[in-house]
Amino acid sequence: MKNIILIGFMGAGKTSVGKALAERLHWKWIDTDAEIERRAGKRIPNIFHDYGEEGFRKMETEVLHHLLQSSGQVISTGGGIVLRKENRDVMVRHGKVVYLKADLPELISRLRGSDRPLLQGDMEGKIKELWTARKGFYDFASVTVETTNRSIDDIVEEILQRLINVQKSFPLTGKDPQGKDLV
Ligand code: S3P
């Protein structure tokens with residue numbers, strides 16, 4: 001069972017890149033945060049408010065395990081999904097993990113005005129704190145793609161090229177950047 005799973009810090013572009021990549025491959029696109037909100041019937045800030053971060057993390061792990069029972073999906077994840085080892089393990093087992101990396105100043109500028117619960121108050125200070133605390137957590141990915149100052153199309157093309165190169169045992173359906181079948 002294979003999927004492409006996008007990880008990275010908040011604001012790294014997992015949602016927009018995930019959507020574009022899924023469209024390109026004619027695969028289903030799923031966002032773990034959207035799935036959590038759908039199941040809980042509440043928006044993420046309300047989930048954090050009502051159940052705390054721990055409650056959110058439990059739901060996140062459940063949703064991830066459930067989604068990874070299927071294949072042929074592009075899955076955009078929440079930035080903190082990498083914190084639990086069991087999440088990292090299940091992602092590696094059921095897909096190719098792609099780390100979307102962005103510079104700290106770029107993240108700070110992209111996240112300005114965000115309602116993300118972990119960034120309320122001193123947003124810049126909190127981003128820096130989480131950024132430092134999470135250093136190394138994204139390094140288990142098979143592929144790392146720089147997203148700073150790049151267009152979504154450019155990032156999608158690099159992901160496809162890099163995935164084709166890293167795995168002969170991972171047949172992608174859809175088209176490669178030259179329009180040829182990937183299988
Ligand atoms: C979080 C990132 C958010 C969301 C939640 C917690 C995190 O997702 O899951 O607010 O801990 O980094 P995005 O990375 O899509 O913003």
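Biologist: In this predicted model, how are H2 and H3 oriented to each other, roughly perpendicular or roughly parallel?

Modeller: Two packed helices are described by the angle between their axes and by the distance between those axes. Here the axes of helix H2, residues 32–40, and helix H3, residues 44–67, cross at roughly 110 degrees and come within 9 Å. Angles of 65 to 115 degrees count as roughly perpendicular, and H2 and H3 are therefore roughly perpendicular to each other. Their crossing is right-handed.

Biologist: Which residues of H2 and H3 make the contact?

Modeller: On the H2 side the contact is made by Thr32, Asp33, Glu35, Ile36, Glu37, Arg39 and Ala40, while H3 contributes Ile44, Ile47, Phe56, Met59, Glu60, Glu62, Val63, Leu64, His66 and Leu67. By residue class, the contact of H2 with H3 holds nine nonpolar, two polar and six charged residues.

Biologist: Turning to the largest pocket, what is its volume, and which residues lie nearest its centre?

Modeller: The volume of the largest pocket is about 550 Å³. Its lining comprises 28 residues, and those nearest the centre are Met10, Asp33, Gly78, Gly79 and Arg116. Asp33 also belongs to the contact that H2 makes with H3.

Biologist: Which helices each supply at least two residues of that lining, and where does the largest share come from?

Modeller: Helix H1 (14–25), H2, H3 and helix H5 (104–111) each supply at least two residues, and H3 provides the largest share, with six residues. Sorted by class, the lining of the largest pocket consists of ten nonpolar, seven polar and eleven charged residues.

Definitions and conventions: Residues numbered from 1 in each chain as written. Predicted model: local features only at pLDDT ≥ 70, side-chain atom pairs only at ≥ 80, totals over all residues. Heavy atoms only, no water. Axes fitted to C-alpha atoms, helices over the stretch in contact; angles between N-to-C directions. Helix = DSSP H or I, 4+ residues; strand = E, 2+ residues; numbered from the N terminus. Parallel < 35°, antiparallel > 145°, perpendicular 65-115°, else oblique. Left-handed = near helix turned anticlockwise from the far one by under 90°. Contact = heavy atoms within 4.5 Å. Nonpolar A, V, L, I, M, F, W, Y, C, P; charged D, E, K, R; others polar. 1 Å grid on protein atoms, 1.4 Å probe; cavity = no way out; pocket = protein on both sides within 12 Å on 5 of 7 lines; lining within 4 Å. Points joined across faces, edges and corners; volume = space filled by probe spheres on them.
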